[in-house]
Each structure stands twice: as C-alpha cells, then as structure tokens.
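Keep the picture open while you read.

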Amino acid sequence: MAGNPLRVTVWNENVHETTEPEVAERYPDGMHGAIADGLVEHLGDGVEVTTATLAEPEHGLTEERLASTDVLTWWGHAAHEQVADEVVDRVQRHVLSGMGLVVLHSGHLSKVFQRLMGTTCTLAWRNADDRELVWTVDPTHPITEGVPHPIIIPAQEMYGEHFDIPAPDELVFVSSFSGGEVFRSGCTFRRGNGTIFYFSPGDQEYPVYHHPDVRRVIANGAAWVAPRGERVLPELRNRPLGWFE
C-alpha cells in the first residue's frame with residue numbers, strides 16, 4: 001500500500017436523513033457525506049473516499065467493492081435487521097482477511113459488530129442533550145494524534161456502562177457525561193488479520209460529525225486500522241515435523 005491512497009468506503013444506512021426533515025437539515029449530504037468530508041479534510045490526497053448506503057443493491061457492499069476497500073466505516077441505527085446476512089458474512093470475511101473496520105456510534109448493535117465481537121454489545125443510553133467529555137486514555141496511541149484532552153461535545157446522546165463487549169485490545173478513549181455516567185468510547189480489537197476501531201460519539205440528533213475533533217479521531221482511526229500487508233483469510237494448515245528445514 002506504500003504510496004497508494006487509502007481506499008475508504010463510508011457506509012451509512014441513510015434512513016434518518018431520508019425520513020426525518022430535521023436530520024436532513026443537519027446532514028444535507030447524509031451522515032456519510034459529513035464523515036467522508038472529514039476524512040478528506042484530514043487525510044487529503046492520501047485517501048480516496050466513496051460512500052455506500054442500505055438502499056443500494058447489496059447495500060453497496062458487493063464482493064468487488066469490498067475487495068477494493070482498505071477500510072470500511074459503519075454507521076447504522078434504525079435498520080440493523082434490514083442488513084442482509086449474506087452481506088454481513090461478506091464483510092466479516094473481508095475483516096478477518098485484513099480489511100480495516102471503523103464502527104461508529106449506534107453501529108455497536110449492527111449485525112456486523114455483534115458478529116465480530118460475539119457478544120450482545122448492549123449498553124445504557126439516554127437522549128437528553130448531555131455534555132460529553134471524551135478523555136484520552138492512551139496519549140501515545142496514533143489515533144489520539146492532534147486530539148485535545150478532553151474533546152468537548154456540548155450536546156450528545158449518552159452512552160453508559162455496562163457496555164457488553166469483549167475486553168478491548170486497546171482502550172483509547174473513555175467518555176464522561178453530565179449525568180455522571182462513564183463509557184468506553186474508543187476501543188480497538190483485532191479479529192483474524194483485521195483491525196477494528198469502535199468510536200461512540202455521533203448521533204443523528206446532534207451535529208457531532210461536523211465537530212472538528214470527532215472528524216480528526218475518525219480520520220486517525222481509519223488510517224490506523226488500514227491493512228499493512230497482503231489480505232488473506234487465516235486458514236488451517238497442517239505442518240509435518242521438520243517442515244521448516
């Protein structure tokens with residue numbers, strides 16, 4: 001991949017934006033459009049961004065599309081169950097083969113994330129204009145580069161513990177809310193040959209994907225989960241004694 005632009009596909013179910021006028025006003029190009037703009041803003045010529053949505057054939061995630069995607073970002077909320085299982089199977093296989101995955105906000109309940117985590121991925125929530133402070137836990141992590149401590153989000157949906165996920169490989173951010181809750185808001189996981197970053201800020205009710213620091217984190221995350229070598233699905237191998245000699 002050296003010298004080649006990072007190929008990112010931004011996936012969004014695009015339901016709220018097409019059915020709720022206030023969300024369409026907040027995100028006139030869809031949340032996928034705002035996320036894509038943030039990636040270009042921070043990664044510049046080093047990224048090629050395309051978008052895909054639920055309503056497209058195969059949800060825009062054909063075998064050919066995923067094979068030419070280095071990093072997939074995922075936002076879903078109202079239509080998790082409408083995502084076809086064969087597409088979930090396909091995404092899972094590409095992640096296990098090395099494609100990077102960035103799961104955003106309510107994507108925690110997506111079939112894709114639940115499949116890769118193996119847990120319910122449930123949590124506590126409240127939609128009441130909470131202030132969210134996103135605190136950096138690991139300031140040496142590349143995902144935190146250029147990110148203030150804390151990120152201040154004036155109004156946001158509250159996500160709180162317990163968050164039913166496996167113990168993260170790395171905990172990058174934790175959030176605190178004006179109601180007193182805390183949440184593991186930035187977590188990384190390795191599955192097969194692929195790397196996953198979950199980042200929670202970003203609800204359709206608030207302009208969070210226009211927030212410059214949130215956009216920076218997503219761009220950093222996309223760059224960090226990118227595959228570093230050949231994409232290949234792990235497979236069972238029989239090695240006779242002395243094979244390396």
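Cys 187 is buried, since its relative accessible area is 0% (buried means under 20%, exposed over 50%, and partly exposed in between, using a 1.4 Å probe and protein chains only). Cys 121 also counts as buried, at 0% relative accessibility. Are these two cysteines joined in a disulfide or apart? A disulfide is a covalent bond between the sulfur atoms of two cysteines; here it is taken as a pair of cysteine sulfur atoms within 2.5 Å. By that rule the count is zero disulfides. For Cys 121, the nearest cysteine sulfur is that of Cys 187, and it sits 11 Å away.

A quick word on what you're looking at: this is a predicted model, where local features need pLDDT of at least 70 and side-chain atom pairs count only at pLDDT 80 or more, while totals for chains, interfaces and linings use all residues. Residues are numbered from 1 along each chain as its sequence is written, and side-chain values use heavy atoms, with hydrogens and water left out.

Now zoom out to the sheet. Nine strands form an open, mixed sheet in the order 2-1-3-4-9-8-7-5-6 (strands are DSSP runs of E with at least two residues, helices are runs of H or I with at least four, and both are numbered from the N terminus). Two strands pair if DSSP finds at least two bridges between them. Strand 2 (47-53) and strand 6 (151-160) are the edges, each pairing on one side only. On average, neighbouring strands are turned by 25 degrees against each other, ignoring direction. Look at strand 5 (residues 124-136): seven bridges join it to strand 6, and the two run antiparallel. There, Glu 132 stands opposite Ile 153 of strand 6.

Next come two helices. Helix 3 lies across strands including strand 1 (6-12) and strand 2, running at about 175 degrees to strand 2. Helix 7 lies across several strands, among them strand 8 (182-191) and strand 9 (194-199), and runs at about 170 degrees to strand 9. (Axes are lines fitted to C-alpha atoms, for helices over the stretch in contact, and angles run from 0 to 180 degrees between N-to-C directions.)

How do the helices meet each other? Helix 3 (residues 30-43) and helix 7 (residues 212-225) pack at about 75 degrees, with axes 8 Å apart. That makes them roughly perpendicular, a label for 65 to 115 degrees (under 35 is roughly parallel, over 145 roughly antiparallel, the rest oblique).

Conventions:
Contact means heavy atoms within 4.5 Å.
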